[in-house]
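Open the model in your viewer and keep the selection panel at hand. The tour goes stop by stop.

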Amino acid sequence: AGGSNHWMLVWRDPATLAALTVGLLASAANENLNVVYGVWMEQSFGLSVVQLGLTTTVIGVAELFGEGLVAVIVDRLGKRRSIALGLAASAVAYLVLPFVASNIQFALVALFFVFITFEFAIVATIPLITELVPEARGATMSANVAFHAAGRMIGALAGAYLFRLGFVWNGAAAAALNVIG
(Lines give C-alpha, C1' and ligand atoms only; values in the text may rest on other atoms or scores of the structure.)
Protein backbone atom coordinates (compact mmCIF):
# COMPACT_ATOMS: atom_id res chain seq x y z
CA ALA A 1 0.00 0.00 0.00
CA GLY A 2 2.96 2.34 0.68
CA GLY A 3 4.01 2.41 -2.98
CA SER A 4 0.58 3.31 -4.31
CA ASN A 5 0.19 5.94 -1.60
CA HIS A 6 3.49 7.45 -2.71
CA TRP A 7 2.25 7.72 -6.28
CA MET A 8 -0.95 9.38 -5.12
CA LEU A 9 1.10 11.95 -3.19
CA VAL A 10 3.04 12.73 -6.38
CA TRP A 11 0.01 12.99 -8.68
CA ARG A 12 -1.97 15.11 -6.23
CA ASP A 13 0.74 17.70 -5.56
CA PRO A 14 0.40 20.69 -7.93
CA ALA A 15 3.97 21.89 -7.33
CA THR A 16 5.35 18.46 -8.20
CA LEU A 17 3.23 18.24 -11.35
CA ALA A 18 4.42 21.71 -12.36
CA ALA A 19 8.07 20.75 -11.81
CA LEU A 20 7.61 17.52 -13.76
CA THR A 21 6.02 19.48 -16.61
CA VAL A 22 8.96 21.89 -16.69
CA GLY A 23 11.27 18.89 -17.15
CA LEU A 24 9.05 17.49 -19.90
CA LEU A 25 9.03 20.82 -21.77
CA ALA A 26 12.77 21.43 -21.39
CA SER A 27 13.55 17.89 -22.57
CA ALA A 28 11.20 18.26 -25.55
CA ALA A 29 12.83 21.57 -26.45
CA ASN A 30 16.34 20.18 -26.38
CA GLU A 31 15.55 16.92 -28.15
CA ASN A 32 13.76 18.85 -30.91
CA LEU A 33 17.15 20.38 -31.76
CA ASN A 34 19.25 17.39 -30.76
CA VAL A 35 17.76 15.13 -33.45
CA VAL A 36 18.48 17.56 -36.30
CA TYR A 37 21.47 19.71 -35.40
CA GLY A 38 23.86 17.25 -37.10
CA VAL A 39 21.98 17.46 -40.40
CA TRP A 40 21.79 21.25 -40.02
CA MET A 41 25.57 21.46 -39.49
CA GLU A 42 26.22 19.10 -42.38
CA GLN A 43 24.03 21.16 -44.70
CA SER A 44 25.28 24.52 -43.45
CA PHE A 45 29.00 23.75 -43.30
CA GLY A 46 29.49 20.60 -45.41
CA LEU A 47 30.92 18.67 -42.46
CA SER A 48 31.92 15.04 -42.81
CA VAL A 49 30.73 12.36 -40.41
CA VAL A 50 34.07 12.51 -38.58
CA GLN A 51 33.86 16.30 -38.27
CA LEU A 52 30.28 16.01 -37.03
CA GLY A 53 31.50 13.50 -34.47
CA LEU A 54 33.97 16.05 -33.19
CA THR A 55 31.09 18.41 -32.41
CA THR A 56 30.08 15.95 -29.70
CA THR A 57 33.23 17.03 -27.86
CA VAL A 58 31.79 20.54 -27.70
CA ILE A 59 28.53 19.11 -26.37
CA GLY A 60 30.27 16.92 -23.79
CA VAL A 61 32.35 19.80 -22.47
CA ALA A 62 29.25 22.02 -22.33
CA GLU A 63 27.33 19.40 -20.36
CA LEU A 64 30.22 19.01 -17.92
CA PHE A 65 30.40 22.78 -17.39
CA GLY A 66 26.62 22.96 -16.98
CA GLU A 67 26.72 20.36 -14.22
CA GLY A 68 29.62 22.18 -12.56
CA LEU A 69 27.72 25.45 -12.66
CA VAL A 70 24.85 23.83 -10.79
CA ALA A 71 27.21 22.82 -8.01
CA VAL A 72 28.55 26.37 -7.77
CA ILE A 73 25.43 28.48 -8.34
CA VAL A 74 22.21 26.75 -7.24
CA ASP A 75 22.69 26.97 -3.49
CA ARG A 76 23.67 30.63 -3.75
CA LEU A 77 20.98 31.70 -6.20
CA GLY A 78 18.22 29.34 -5.11
CA LYS A 79 16.67 26.38 -6.89
CA ARG A 80 13.71 28.08 -8.54
CA ARG A 81 15.73 31.10 -9.68
CA SER A 82 18.47 28.84 -11.03
CA ILE A 83 15.97 26.80 -13.02
CA ALA A 84 14.33 29.97 -14.38
CA LEU A 85 17.75 31.36 -15.30
CA GLY A 86 18.70 28.12 -17.05
CA LEU A 87 15.43 28.00 -19.00
CA ALA A 88 15.68 31.67 -20.02
CA ALA A 89 19.31 31.31 -21.11
CA SER A 90 18.40 28.15 -23.02
CA ALA A 91 15.58 29.96 -24.79
CA VAL A 92 18.01 32.65 -25.95
CA ALA A 93 20.56 30.03 -27.06
CA TYR A 94 17.88 28.13 -28.99
CA LEU A 95 16.81 31.31 -30.77
CA VAL A 96 20.37 32.29 -31.70
CA LEU A 97 21.56 28.89 -32.98
CA PRO A 98 19.70 28.89 -36.32
CA PHE A 99 21.11 32.31 -37.20
CA VAL A 100 24.80 31.41 -37.00
CA ALA A 101 24.88 29.20 -40.07
CA SER A 102 27.36 31.50 -41.81
CA ASN A 103 30.30 30.67 -39.54
CA ILE A 104 31.31 27.29 -38.09
CA GLN A 105 33.02 28.89 -35.07
CA PHE A 106 29.89 30.85 -34.18
CA ALA A 107 27.79 27.72 -34.66
CA LEU A 108 30.01 25.72 -32.31
CA VAL A 109 29.92 28.48 -29.68
CA ALA A 110 26.14 28.69 -30.00
CA LEU A 111 25.88 24.89 -29.77
CA PHE A 112 28.05 25.02 -26.64
CA PHE A 113 25.65 27.54 -25.07
CA VAL A 114 22.61 25.48 -26.08
CA PHE A 115 23.94 22.48 -24.22
CA ILE A 116 25.48 24.24 -21.20
CA THR A 117 22.25 26.13 -20.51
CA PHE A 118 20.06 23.06 -21.05
CA GLU A 119 22.24 20.92 -18.80
CA PHE A 120 22.27 23.62 -16.14
CA ALA A 121 18.48 23.92 -16.21
CA ILE A 122 17.89 20.17 -16.09
CA VAL A 123 20.43 19.38 -13.38
CA ALA A 124 19.19 22.33 -11.30
CA THR A 125 15.74 20.70 -11.19
CA ILE A 126 17.03 17.60 -9.38
CA PRO A 127 17.44 19.12 -5.90
CA LEU A 128 14.05 20.80 -6.24
CA ILE A 129 12.27 17.63 -7.38
CA THR A 130 13.74 15.57 -4.53
CA GLU A 131 12.39 18.01 -1.94
CA LEU A 132 8.83 18.45 -3.22
CA VAL A 133 7.36 15.27 -1.74
CA PRO A 134 10.08 13.96 0.59
CA GLU A 135 8.02 11.00 1.79
CA ALA A 136 7.63 9.85 -1.85
CA ARG A 137 11.09 10.78 -3.13
CA GLY A 138 11.50 7.53 -5.10
CA ALA A 139 8.15 7.87 -6.84
CA THR A 140 8.84 11.54 -7.57
CA MET A 141 12.23 10.82 -9.13
CA SER A 142 10.75 7.94 -11.11
CA ALA A 143 8.04 10.25 -12.45
CA ASN A 144 10.75 12.82 -13.24
CA VAL A 145 12.63 10.31 -15.38
CA ALA A 146 9.39 9.29 -17.13
CA PHE A 147 8.45 12.92 -17.87
CA HIS A 148 11.92 13.61 -19.29
CA ALA A 149 11.64 10.52 -21.49
CA ALA A 150 8.20 11.62 -22.70
CA GLY A 151 9.61 15.07 -23.45
CA ARG A 152 12.45 13.57 -25.44
CA MET A 153 9.97 11.48 -27.44
CA ILE A 154 7.79 14.51 -28.18
CA GLY A 155 10.84 16.58 -29.11
CA ALA A 156 12.23 13.89 -31.40
CA LEU A 157 8.94 13.56 -33.25
CA ALA A 158 8.43 17.32 -33.55
CA GLY A 159 12.07 18.05 -34.40
CA ALA A 160 12.12 16.06 -37.61
CA TYR A 161 8.86 17.63 -38.75
CA LEU A 162 9.92 21.19 -37.91
CA PHE A 163 13.28 20.74 -39.62
CA ARG A 164 11.49 20.23 -42.94
CA LEU A 165 10.03 23.72 -42.48
CA GLY A 166 13.44 25.19 -41.68
CA PHE A 167 15.87 24.95 -38.76
CA VAL A 168 14.71 28.34 -37.51
CA TRP A 169 11.43 26.64 -36.52
CA ASN A 170 13.32 24.14 -34.38
CA GLY A 171 14.98 27.02 -32.56
CA ALA A 172 11.72 28.95 -32.18
CA ALA A 173 9.83 25.89 -30.91
CA ALA A 174 12.58 25.05 -28.42
CA ALA A 175 12.65 28.61 -27.13
CA ALA A 176 8.84 28.67 -26.83
CA LEU A 177 8.80 25.42 -24.86
CA ASN A 178 11.36 26.83 -22.43
CA VAL A 179 9.42 30.06 -22.01
CA ILE A 180 6.27 28.04 -21.29
CA GLY A 181 8.28 25.96 -18.79
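A pocket, as used here, is an open set of grid points with protein on both sides within 12 Å along at least five of seven lines. Note before you start that this is a predicted model.

**Stop 1**

The largest pocket has a volume of about 170 Å³. Select A19, V22, R80, I83 and L128: of the 13 lining residues, these are the closest to the pocket centre. Now colour the helices. Three of them, α2 (14-34), α5 (79-96) and α6 (104-132), each supply at least two residues of the lining. Which classes make up the lining of this pocket? Its residues are 10 nonpolar, 2 polar and 1 charged.

**Stop 2: helix α2**

Select 14-34, the span of α2. Of its 21 residues, 15 are buried, so α2 is largely enclosed by the rest of the structure. Check its length too: the end C-alpha atoms of α2 are 30 Å apart, in agreement with the 30 Å that 21 residues should span at 1.5 Å a residue.

**Stop 3: helix α5**

Move to 79-96, which is α5. This helix has 18 residues and reaches 26 Å from its first C-alpha to its last, close to the 26 Å expected. Show side chains for S82, I83, G86, L87, S90, A91, A93 and Y94; these are the buried residues of α5. I83 is also among the residues closest to the centre of the largest pocket. What covers the buried residues of α5? The cover includes α2, α4 (49-77), α6 and α8 (167-180).

**Stop 4: from A93 to F113**

The C-alpha atoms of F113 and A93 are separated by 6.0 Å, though the two are 20 residues apart along the chain. A93, by contrast, is one of the buried residues of α5.

**Stop 5: aromatic rings**

A search of the whole structure finds 8 aromatic pairs. Select Y37 and F115. Their ring centres are 6.2 Å apart and their planes lie at 65 degrees, so the pair is edge-to-face; the cut-off is over 60 degrees. Y37 lies in helix α3 (residues 37-45) and F115 in helix α6, so the pair ties together parts that are 78 residues apart in sequence. Y37 is buried, with a relative accessible area of 9%. F115 is buried too, at 4%.

Last, select W40, F45, F163 and F167, which form one aromatic cluster.

Definitions and conventions: Residues numbered from 1 in each chain as written. Predicted model: local features only at pLDDT ≥ 70, side-chain atom pairs only at ≥ 80, totals over all residues. Heavy atoms only, no water. 1 Å grid on protein atoms, 1.4 Å probe; cavity = no way out; pocket = protein on both sides within 12 Å on 5 of 7 lines; lining within 4 Å. Points joined across faces, edges and corners; volume = space filled by probe spheres on them. Helix = DSSP H or I, 4+ residues; strand = E, 2+ residues; numbered from the N terminus. Nonpolar A, V, L, I, M, F, W, Y, C, P; charged D, E, K, R; others polar. Phe/Tyr/Trp six-rings, centres within 6.5 Å; stacked < 30°, edge-to-face > 60°. Buried < 20%, exposed > 50% of the residue type's maximum accessible area, 1.4 Å probe, protein only. Expected span 1.5 Å × (residues − 1). Contact = heavy atoms within 4.5 Å.
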